[in-house]
There are 2 protein chains.
Amino acid sequence: MSTALEQQPDQHADLERERLHRAALCALAEPGDIQVTRLVQDHGGTWLYERLLEPVDDPLVRETRRAVAARLAALEPERLLEQGDRLGLRFVIPGDPEWPGQLDDLAHVEPLHDRGGVPVGLWVRGPLPLTELTSSVAIVGSRSATDYGATLAAEIAGVTSRAGVTVLSGGALGIDEFAHRGAVAASCPTVAVLACGADRIYPLGNERMFARIVHDGALVSEAPLGGSPMRVRFLARNRLIAALTRGTVVVEAAVRSGALNTANWANRLSRQLMGTPGPVGSAQSQGVHELLRRSATVVTRGTDVLELLGASGEHLPEERRAPETDRDRLRPRDRQILDGVPRGSPATAADVARAAGADILRVQSALNRFEQRGLVEYVLGGWVLTEEAARS
Amino acid sequence: MSTALEQQPDQHADLERERLHRAALCALAEPGDIQVTRLVQDHGGTWLYERLLEPVDDPLVRETRRAVAARLAALEPERLLEQGDRLGLRFVIPGDPEWPGQLDDLAHVEPLHDRGGVPVGLWVRGPLPLTELTSSVAIVGSRSATDYGATLAAEIAGVTSRAGVTVLSGGALGIDEFAHRGAVAASCPTVAVLACGADRIYPLGNERMFARIVHDGALVSEAPLGGSPMRVRFLARNRLIAALTRGTVVVEAAVRSGALNTANWANRLSRQLMGTPGPVGSAQSQGVHELLRRSATVVTRGTDVLELLGASGEHLPEERRAPETDRDRLRPRDRQILDGVPRGSPATAADVARAAGADILRVQSALNRFEQRGLVEYVLGGWVLTEEAARS
C-alpha cells in the first residue's frame, strides 16, 4: 500500500494543495451541499476554491460564490489544517490511502432533502484508519430507545464487531449509544459519524463514550471544526453512515425517526438494509415495522446480520473447536499486528508497523487495545509482549 | 345462482351419484392422498370408485386398491351420507353451488410431505355456506401462544371479520382459538377446518367454542366422519386452510410449528402470506421472524391485513362519519338479508331467503346472529324484526 509520503514530490504537493482547498470548502459550504459536492466531484477542490476567489464571474460557481461570500473573506485555509493538527485531527480526502472508496458511490445517487454527493473531505479523530470500514455495519435507531432496543443494539454490535465487522453509528443517545457500547464491551474499535465538528462532544452526556471511541476507534465528520449539530447536518451525516458501511441495521425507530432517513440512503446506495422487529404495541418499533414491510430484511441477532453481510464463518462461536487463547480471540489483522510486537527489547509503533506490514494508524489503535487487555505493555519508550501473552 | 335442485334431473342424479362415491372415497383413503386426489381430479369419484370394485386389474388404480382393500369390503356408501344427515352435516363436492372454487387451485400445486390435490369432498357442519370464504383470511399459529400473540390474533380477527373478511383457522388451542374468539366477539361467523372428522370435537377444551362456531359459522373437514386427528391429517388439513383463503396470517410460531407448514402452502398457492413480528427473545416469534425474512409480509394489526388483501375501505373506523345504527354495523350481505325480514307477520327462513335473493344456508346463519344481537326474533314459527330494529 502506498502512502502520501512515498508518492512523487509533484503528486504529493498537488495532494496537499487539494487538501488545503478542500478544508477551506468544508469550512465554507454546508455538508452535503449538492452544488459544491457536484462541482468538486467533477473538477476538484482546488478548481472550485480558485474560482470562488477569482474576480471573473463564472456561471458554474455563481450560486456557490454568493452563498459563501461572507465566510470566504474571513477564511485563512492554512489555519484550518494547523488547527486540526493541534486538536489531533486529520483531514482525509480522496487520493489519500486512507480514503474510504465506498463513499464515491454517493456520486451516482440522487440527493435527498437537497443533500447529497461525495463529501469534499472528512475530519477524523482517533487512530482507526477509515480503510477498516470496508467491513463495517451501521447500527442506528431511536434516541428514546427502550431497554429492549438498547439490549438488542448492544448484542448485535458485540457479535458483529467480534467477527471483524466494525460497528459504525451516529454517536447519539439511545440506540446509537448502545451500539457503540456493545462494540466497546467486546474490546473492538467503533466509529461515530457526527453531524457537528469532529472536535466537538455532542451530546455532552456521551463525553465518556466519545473518549473511549477516540482511544482505538474514530470520530468522523464532514462538518467544519467547531461546527454545530444543526438539523440539516444530520440529514447530510446520515448519507455518510449509509455509504461508509456494507449495511444498516435499524434497531428501533418511531414513525418519524431520523434513522428512517439513514435507511432511505442505504436503500438508494444498494446497501443491505436490515431491521429488528419488536412488540407491535411499541411505538419505538413502528417505524422499523414499516421498513420491514417495504424494503428491509428481518434480523433478530448479530449472527443474522453477519449472514446477510456475507461475513459469517470463522468468528462464530458455534464453529470453534479448540480452547481459545487471548490471541485466538483477536481479529485476523490484529493477530498479525500482535505477531509484530517483540518479546524482548521494546519496539516503537513504527517498528511494529514495519514488522507486521501494517498501517501505522491501525497499529497505534491495535496497541492501545492490546494494552487494555494485558497483551502488551509500554516500557522504556517502546512496546513488548506481556509475560502472559509471550507464554501463550 | 343455480342450486342442485334446479338442475336437469339427469344432471342431478349424476351429481348425487358422484357425491355418494366421493363420500365413499373420503372414508377409504387418507385426506390429501396424492394418488387418490389426482385420479379423482382427472376422472371423477364415480370412475375411481367403480374401478376399485371391478375384478379387472387396472394399473392406474392398482396402488390405491391395495391401500384401501380392507376398508372397501366393509364399506356401505349410502350409510355414510345417511349418517352425515343424522348428525346435521352435509358433504360438499365440486359441482355443488356451495363448492369453494378456490380449492381447485390445489390441482396445480406440487405436493408437500406426500399430501396434496383438490379434496374429494368436504364434510361441513354449520349454516355458513362455504361460498362465503371467497373473502376470507386464515389466522394460524402456535398452540402454546403467549398473551401477546393471543391478544394480537383476536384483534386481527375482530377487525378483519367486521370488514366482511371471514376468519378461518384450525380450531386448535392457542392462536387458532383466539382467532375464532376474536371473530365471535365481533358477532361474525368463523370457520374451523379440522384434521379430525367434522362431527368430532377436538381438542375437547374447545367444546364451547365449537358450539359457538357451529351456531353461525362452519366446521369443515376432509377427513371421514368419526376420523381421528392424526399427524398426517394435520399436514393435509393445512393445505385446505391456505387454499380456502385469500391470505394466511401467522401470529406466533416457534421454529418447528405446524403453522409454518400452512405458510408453506400459502406460498405455493400464491396466496398472501403475512406474519406478525414480536419480541426477538420470544421463542413463539422465532418461526414468524424466519418467515418474515424469507417470504412473509409484516402485519401488525387488522387494518394492515385488510390493506394487503385489498379489502380495506368502508369498514375501517377512521372512515366513518355519521353515527352508526345496528344495521350500519352489519356487513353488506347481512344488511341485505335483514332487509328481507318483515316488520309484521313472521316469515320463514326460506321466505327471507327469497325476499333477499340470498342462499338459504346463509340466511339461516345470519338470522341466528341477528337474533343474538336483538335485531330479529322468532315468533309463531317465523322471523320478524324486533321493535328496536324496526325503529332504526
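## A walk around the two chains

Start by selecting D304(B): at 6% relative accessibility this residue counts as buried, where buried means under 20% relative accessible area, exposed over 50%, and partly exposed in between (1.4 Å probe, protein chains only). Before going further, a word on what is on your screen: this is a predicted model, in which local features need pLDDT of at least 70 and side-chain atom pairs count only at pLDDT 80 or more, while totals for chains, interfaces and linings use all residues. Residues are numbered from 1 along each chain as its sequence is written, chains are lettered from A and ligands numbered from 1 in the order in which they are written, and side-chain values use heavy atoms, with hydrogens and water left out.

**Stop 1: the partners of D304(B)**

The side chains of D304(B) and R301(B) meet in a salt bridge, 3.4 Å from N to O; a salt bridge here is a side-chain nitrogen of Lys or Arg within 4 Å of a carboxyl oxygen of Asp or Glu. R301(B) counts as partly exposed, at 43% relative accessibility.

Which residues are linked with R301(B) and D304(B) in a network of salt bridges? Select E290(A), R293(A) and R294(A) to see the rest of that network.

**Stop 2: where chain A meets chain B**

Now show both chains together. Here 14 residues of chain A are in contact with 14 residues of chain B, contact meaning heavy atoms within 4.5 Å. The area buried between the two chains is about 1,200 Å², and carbon and sulfur atoms give 69% of it; buried area is the accessible area (1.4 Å probe) that two parts lose on being put together, summed over both. On the chain A side, highlight V280(A), R293(A) and V298(A): they lose the most area to chain B, together 47% of what that side buries.

How many salt bridges are there between chain A and chain B? The count is 2. For a look at a salt bridge with R293(B), select D304(A) as its partner; the closest N and O atoms are 3.1 Å apart.

Colour chain A by its elements next. Those that give two or more residues to the side touching chain B are α6 (147-162), α11 (283-294) and β9 (297-298) of chain A; helices (H or I, at least four residues) and strands (E, at least two) are DSSP runs, numbered from the N terminus. The largest share of that side, 3 residues, comes from α11(A).

**Stop 3**

Then move to T300(A), in the loop between β9 and α12 (302-308) of chain A. Is T300(A) buried or exposed? At 12% relative accessibility, T300(A) counts as buried. Leaving aside neighbours within four places in sequence, T300(A) is in contact with L152(A), P277(A), V280(B), H289(B) and R293(B).

**Stop 3: salt bridges inside chain B**

Over all chains the count comes to 42 salt bridges. For one of them, select E18(B) and R22(B), whose closest N and O atoms are 2.7 Å apart. Both residues lie in helix α1 (residues 9-28) of chain B, 4 residues apart, about one turn of the helix, and both are buried.

Another salt bridge joins E222(B) and R239(B), with the closest N and O atoms 2.9 Å apart. E222(B) sits in the loop between β6 (218-221) and α9 (231-244) of chain B and R239(B) in helix α9, so the pair ties together parts 17 residues apart in sequence. E222(B) is buried at 6% relative accessible area, and R239(B) is buried at 0%.

**Stop 5**

Select Y202(A) and P203(A), which are joined by a cis peptide bond with omega about -5°. P203(A) is in the loop between β5 (190-194) and α8 (207-216) of chain A. In chain B, the peptide bond from Y202(B) to P203(B) is cis, with omega near -5°.

Go on to S270(A), in the loop between α10 and β8 of chain A. S270(A) has a positive phi of about 55° although it is not a glycine, and S270(A) is exposed, with a relative accessible area of 67%.

Finally, select C26(A) and C196(A). C26(A) is buried at 3% relative accessible area, and C196(A) is buried at 1%. Over all chains the count comes to 0 disulfides.

How values were computed:
Disulfide = S-S within 2.5 Å.
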